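Good morning, and thank you for joining this group meeting.

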Amino acid sequence: MAEFNKGVVYRIADGKRVRFWLDPWLTNDALLCEKFPNLYQACNSKDDLVADIAGENEDWNLRVSRNRMWDREIREAAELLHLLENFQFSQDPEDTRRWKWEKQGNFSVSSMYDGMMKFTEKGKINKRIWSTLWPAKVSFFIWCVTKKKILTQDMLKRKG
C-alpha cells in the first residue's frame with residue numbers, strides 16, 4: 001500500500017472523503033501517522049477524516065486523548081500545526097484524488113510498475129532476485145520478467 005500511496009495526489013475540498021492520519025494528503029511523501037508516530041498514538045480516533053479534525057472554521061483539533069503530553073508529542077504537534085497553518089483547501093466541490101504517474105490522472109498497472117521502479121534502487125532489486133531463499137531457476141525467471149524477456153500474452157500481442 002505504501003507504494004500505491006506514493007502515486008496518489010489528493011485535493012482536499014471539504015475533507016469528508018480523506019482520512020487525516022491514514023491518507024497521504026498533507027505531505028505527499030508520507031502518511032501523517034508515520035511522520036508523527038507519537039502524536040498518532042496519543043490521539044483518540046485513528047480513523048478521523050480531515051473534516052473531523054479541521055472543524056467548521058478550520059480550527060484544527062487533533063483530538064489528543066490525554067490532558068498531559070510528553071515533549072516528543074508536543075514537538076510533533078507543533079510541527080504538524082505549522083504544516084496545517086499553511087494548508088489551503090481546494091475550491092472543488094468535493095475531495096478528489098489523481099494518479100500522478102499518468103497524464104490523465106487515472107491509475108494503470110503499468111504506470112504503477114514504472115513508478116515503483118523509479119523509487120527502487122537497482123542494487124536492491126538484484127539482491128532480491130538473486131536470493132538464496134529460492135532455487136536459481138526461480139531467480140532466473142524473475143530476472144527474465146524484470147527484463148521483459150518472457151513471452152507473456154501481452155508481449156506476444158505486441159510482437160504480432
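This is a predicted model: local features need pLDDT of at least 70, side-chain atom pairs count only at pLDDT 80 or more; totals for chains, interfaces and linings use all residues.

Is Phe140 buried, partly exposed or exposed? This residue has a relative accessibility of 46%, so Phe140 counts as partly exposed. Phe140 is found in helix 8, which covers residues 136–146. Together with Trp130 and Trp143, Phe140 forms a nonpolar patch on the surface. The three residues have about 330 Å² of accessible area together.

Let me now turn to the chain in general. The protein chain contains 9 helices and 2 strands. Read from the N terminus, the order of these elements is α-β-α-α-α-α-β-α-α-α-α. The chain has 160 residues, and 32% of them count as buried. Its accessible surface comes to about 11,400 Å², with 51% of that belonging to carbon and sulfur atoms. Among the contacts with a separation of 6 or more, 56% are accounted for by residues 24 or more positions apart.

Which residues does Leu84 touch, leaving aside its neighbours within four places in sequence? They are Phe20, Trp25, Leu26, Trp60 and Leu62.

With a relative accessible area of 4%, Glu73 is buried. Its side chain reaches the backbone nitrogen of Trp70 at 2.9 Å. Beyond its neighbours within four places in sequence, Glu73 is in contact with Asn38, Leu39, Ala42 and Arg66.

I come next to the salt bridges. How many are there by the rule used here? The count comes to 4 salt bridges, and I shall describe some of them.

One joins the side chains of Arg11 and Asp92, at 3.1 Å from N to O. This pair links distant parts of the chain: Arg11 belongs to strand 1, whereas Asp92 lies in the loop between helix 5 and strand 2, and the two are 81 residues apart. Arg11 is partly exposed at 41% relative accessibility, and Asp92 is partly exposed at 27%.

Another salt bridge joins Asp23 and Arg19, at 3.1 Å from N to O. Here Asp23 is buried, with a relative accessible area of 8%, while Arg19 counts as partly exposed at 30%.

A further salt bridge brings together the side chains of Arg63 and Asp48, at 3.7 Å from N to O. Arg63 lies in the loop between helix 4 and helix 5, and Asp48 in the loop between helix 3 and helix 4, so the pair ties together parts that are 15 residues apart in sequence. Asp48 is buried at 6% relative accessibility, whereas Arg63 is partly exposed at 31%.

Most residues other than glycine have a negative phi. The phi of Arg63, however, is near 55°, a positive value.

Finally, let us consider the cysteines. Cys33 is buried at 15% relative accessibility, and Cys144 is buried at 9%.

Key. Residues are numbered from 1 along each chain as its sequence is written. Side-chain values use heavy atoms; hydrogens and water are left out. Buried means under 20% relative accessible area, exposed over 50%, partly exposed in between (1.4 Å probe, protein chains only). Patches are made of residues with over 30% relative accessible area and no salt bridge: like charges are joined within 9 Å, nonpolar side chains (Val, Leu, Ile, Met, Phe, Trp, Tyr) within 5 Å. Accessible areas come from the Shrake-Rupley method with a 1.4 Å probe; for residues, only the protein chains shown count as cover. Helices (H or I, at least four residues) and strands (E, at least two) are DSSP runs, numbered from the N terminus. A polar contact is a pair of N or O atoms within 3.5 Å; within protein, one must be able to donate a hydrogen and the other to accept it, and residues adjacent in sequence count only if both atoms are side-chain atoms. Contact means heavy atoms within 4.5 Å.
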